[in-house]
Amino acid sequence: MRTDFLWGGATAANQYEGGYLEGGRGLSINDVEMGASHGKKREIHETIHANTYYPSHNATDFYHHYKEDIALMAEMGFKVYRMSIAWSRIYPNGDDATPNEEGLKFYDQVFDELRRYQIEPMVTLHHFELPLALVKNYGGWRNRKLIDLSVRYAKTVFDYYKDKVTYWMTFNEINSIFIAKTPWHQAGIVYRDDENRVDVMFQAAHYQLVASAKTIIEGRKINPNFKFGNMILYNCCYAFSCHPVDQMMVHDNLLPIYYFSDVQVRGYYTNTCQAYQKKMNGHFEIEDGDLEILKEGTIDYLSFSYYSSLVEGQNVDRSADGNLLDGGRNPYLEATAWGWQIDPMGLRISLNLLYDRYQIPLFVSENGMGAIDVIEEDGTINDDYRIDYLKKHAKALKDAIEIDFVDCFGYAWWGPLDIVSAGTGEMRKRYGFVYIDVDDEGQGSFRRMKKKSFDYYRYLIATNAEEL
Ligand code: BGP
């Protein structure tokens, strides 16, 4: 593997930080989302209800443990740590006249701590964490005003951290607006009875694409050395049979997956975008200047999340699950307890498909498996299943780089320390190499305990995956 390969991990503020009202932070959309047991929908409230558990309020308390946690990342040998900044820590209501100094200070201390261990921060500006006030006062991303409000927030943090952060990402899983069951996470939108839902979705998507491009244009003026990436949810999808119709169904399945990256890499709405607009009968307003902004504000690298693969076709058993996706069962693959099909070769295939399509550097910004971990009598946590998942996906990554000549410069394991599940709000769906003692009701000591996989990832990074 290339010696400068960035091994590391990834988290999101709303799933990890906690301290939801500390340091002047304002409420974000996650703070009114209840937890849910496996498989049920997370209930969204208008306001915070008394005596109700909201997983993001404390999450696993990075806010008070960041020094300890970053030391654990350093002990594993991390070269990069992908994290998000919560907009509502910087502008509590999203549109405040001045930024919240305590919020700026918190992340400044985090970046200084990372610097102590030569860990490169990679910062996501929008990871499903819209300030709640922007939903109430503007209607979320259905409102064009959010373009300039988000660019203003971005310029504030670009300016404040211009000497500490080089790698930035605009929107996490920007294509999830087309894939998730609701646009709440991605766009802070709750559909109104009188509106055309498809048009609202395409309009919000357009505003976010313009915002992403404008953010990049403005960021480059602040520091021309900034490296800007996007982040898409990638759906590795196989045709269930060699029937040509099944293959065409795979093609159609990928239209929303490529919709955003086509614009963010190429700088315009491609035929794929037009095909999806036509397929969905989606219409939206484009204002003068928008297309020029899209053309100029393209990205330097493409990042994506990959967890599992799915099957598409005329006669599939649609009982499989995945990251925001559902689809066909693959009889050749095992699945996690949450039904996500474990497919290391799928990561190699995805890297090839994305690199062939875009020919720009790639970064795996999320990969991992959620599992139920058990603490043995002797206090050990023997997560050999997680070691097996990591080992095989690292091998697939290495093959893509060394055999297929894909230009991939880094890999971030999702949730290197246990964090709250986005989909279900559960803690029992654990991803980490470090167990954090919090349960599905938010109770526990918050004590950090290394799992067996902690030493394996440290070994993998130390040997740069030479001995998989
Ligand atoms: C992606 C998000 C992450 C993370 C991941 C795993 O959609 O970018 O925030 O949550 O999914 O999903 P879950 O947490 O539901 O297991």
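Helices here are DSSP runs of H or I with at least four residues, strands are DSSP runs of E with at least two, and both are numbered from the N terminus. Keep that in mind for asparagine 281, which comes just after helix α12 and takes a positive phi of about 60°.

Some ground rules. This is a predicted model: local features need pLDDT of at least 70, side-chain atom pairs count only at pLDDT 80 or more, and totals for chains, interfaces and linings use all residues. Residues are numbered from 1 along each chain as its sequence is written, and side-chain values use heavy atoms, with hydrogens and water left out.

Let's start with the barrel. Eight strands close into it, in the order β1-β2-β3-β4-β5-β7-β11-β12, with parallel pairing. From one strand to the next, the twist averages 25°. Two strands pair if DSSP finds at least two bridges between them.

Take β1, residues 6-10. Five of its five residues are buried. Buried means under 20% relative accessible area, exposed means over 50%, and partly exposed is in between, using a 1.4 Å probe and protein chains only. Leu6, Gly8 and Ala10 point one way, Trp7 and Gly9 the other.

What does β1 pair with? On one hand, five bridges join β1 to β12, residues 408-414, in parallel. There, glycine 8 has alanine 412 as its bridge partner. On the other hand, β1 and β2 pair in the parallel sense over three bridges. Glycine 9 partners tyrosine 81 in β2. Tyrosine 81 also stands opposite proline 121 in β3. Strands β2 (80-84) and β3 (120-126) run parallel, joined by five bridges.

Now the helices on the sheet. α9 touches β3, β4 and β5, and its direction makes about 155° with that of β4. α11 lies across β4, β5 and β7, at about 165° to β5. Those angles run from 0 to 180 degrees between N-to-C directions, with axes fitted to C-alpha atoms, for helices over the stretch in contact.

The largest nonpolar core has 151 residues, and Trp7, Trp168, Leu397 and Tyr457 have the most contacts inside it. Its largest share, 12 residues, comes from α9. Such a core is a set of buried Ala, Val, Leu, Ile, Met, Phe, Trp, Tyr and Cys residues joined through side-chain atoms within 4.5 Å. Leaving aside neighbours within four places in sequence, leucine 397 is in contact with residues including Met1, Phe5, Trp7 and Tyr411. Contact means heavy atoms within 4.5 Å.

Back to α12, residues 271-280. Which of its residues are buried? Thr272, Cys273, Tyr276 and Gln277. They sit on the same side of α12, because they cover an arc of only 135° around the axis. That arc is taken from the directions from the helix axis to the C-beta atoms. On the other side, Asn271, Lys278 and Lys279 are exposed. The buried residues pack against α7, α9, α11 and α14.

Last stop, glutamate 195. Where is it? In the loop between α8 and α9. Glutamate 195 counts as buried because its relative accessibility is 18%. Not counting residues up to four places away in sequence, glutamate 195 touches Arg142, Val190 and Val200. Its side chain makes a polar contact with that of arginine 142, at 2.6 Å. A polar contact is a pair of N or O atoms within 3.5 Å; within protein, one must be able to donate a hydrogen and the other to accept it, and residues adjacent in sequence count only if both atoms are side-chain atoms.
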